[in-house]
Amino acid sequence: LYRFDDAARFPVFESHTTAKGPVAIQADRDEAGDFLRIMYQRKDDDPDEVSIVLALPIVAVDGRPWQLLLDVFGDASGCHLHLEGMDASGSLVVLSFGLVDFVGWRTLRADASKLIPPVQFHRLRADIAAASAPVRLGLRSLSLTGEVRVTAAGCVG
């Protein structure tokens with residue numbers, strides 16, 4: 001669905017971000033290729049939980065999805081990653097990828113089998129707890145498994 005290789009395509013939603021300090025996103029590269037780096041240093045006046053929200057280009061998928069796969073470079077910050085969208089009923093869909101309590105690249109999974117297609121994904125949210133370390137996440141790609149097809153522009157096949 002997405003390759004996170006261009007910081008300009010995935011802006012931080014300032015109006016939805018509860019962080020007090022600046023959230024930096026930039027394109028980065030390692031031996032496997034390009035990825036997006038998200039960086040944030042907690043500030044003293046931040047609320048107990050900070051959310052950083054990335055805007056995603058609108059992509060709709062139809063069919064029978066099974067799982068969403070998110071390639072993440074973990075920083076052991078303890079943040080939770082969620083994908084938000086809207087299903088065919090008009091309901092908000094929030095899929096959780098779980099806790100980032102590891103260091104290095106991993107593929108995180110979220111169950112997509114209960115989605116009512118078509119589904120549009122529009123935001124990726126990182127929730128950061130009060131005691132968290134500085135955030136330095138990497139995102140390489142988001143993909144879907146199952147018998148699905150992309151029904152809108154703005155995606156990578």
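This is a predicted model: local features need pLDDT of at least 70, side-chain atom pairs count only at pLDDT 80 or more; totals for chains, interfaces and linings use all residues.
Ile 38 stands opposite Leu 137 in strand E9. Strands E3 and E9 run antiparallel and are joined by five bridges.

Which residues touch the most other members of the largest nonpolar core? They are Phe 4, Leu 68, Leu 81, Phe 97 and Phe 121, in a core of 43 residues. The elements contributing two or more residues to this core are E3 (33-40), E4 (50-75), E5 (80-86), E6 (92-99), E7 (103-111), E8 (119-128) and E9 (135-150). E4 supplies the largest share, with nine residues. As general background, nonpolar side chains in soluble globular proteins tend to be buried together.

Two residues illustrate the contacts in more detail. The first topic is Phe 97. Setting aside neighbours within four places in sequence, Phe 97 is in contact with Leu 68, Leu 69, Leu 70, Leu 81, Leu 83, Leu 108, Arg 109, Ala 110, Leu 124 and Leu 142.

The next topic is Leu 124, which lies in strand E8. Is Leu 124 buried or exposed? Leu 124 counts as buried, because its relative accessibility is 5%, and the cut-off for burial is under 20%. Beyond four places in sequence, its contacts include Phe 4, Ile 52, Val 53, Leu 54 and Leu 56. Leu 70, His 82, Leu 83, Phe 97 and Leu 139 are also among the contacts of Leu 124. Gly 33, by comparison, lies 91 residues from Leu 124 in sequence, with 21 Å between the two C-alpha atoms.

Where is Ser 77 found? Ser 77 sits in the loop between E4 and E5. Ser 77 counts as buried because its relative accessibility is 4%. Its side chain makes a polar contact of 2.8 Å with the side chain of Asp 75.

Notes: Residues are numbered from 1 along each chain as its sequence is written. Side-chain values use heavy atoms; hydrogens and water are left out. A nonpolar core is a set of buried Ala, Val, Leu, Ile, Met, Phe, Trp, Tyr and Cys residues joined through side-chain atoms within 4.5 Å. Buried means under 20% relative accessible area, exposed over 50%, partly exposed in between (1.4 Å probe, protein chains only). Helices (H or I, at least four residues) and strands (E, at least two) are DSSP runs, numbered from the N terminus. Contact means heavy atoms within 4.5 Å. A polar contact is a pair of N or O atoms within 3.5 Å; within protein, one must be able to donate a hydrogen and the other to accept it, and residues adjacent in sequence count only if both atoms are side-chain atoms. Two strands pair if DSSP finds at least two bridges between them.
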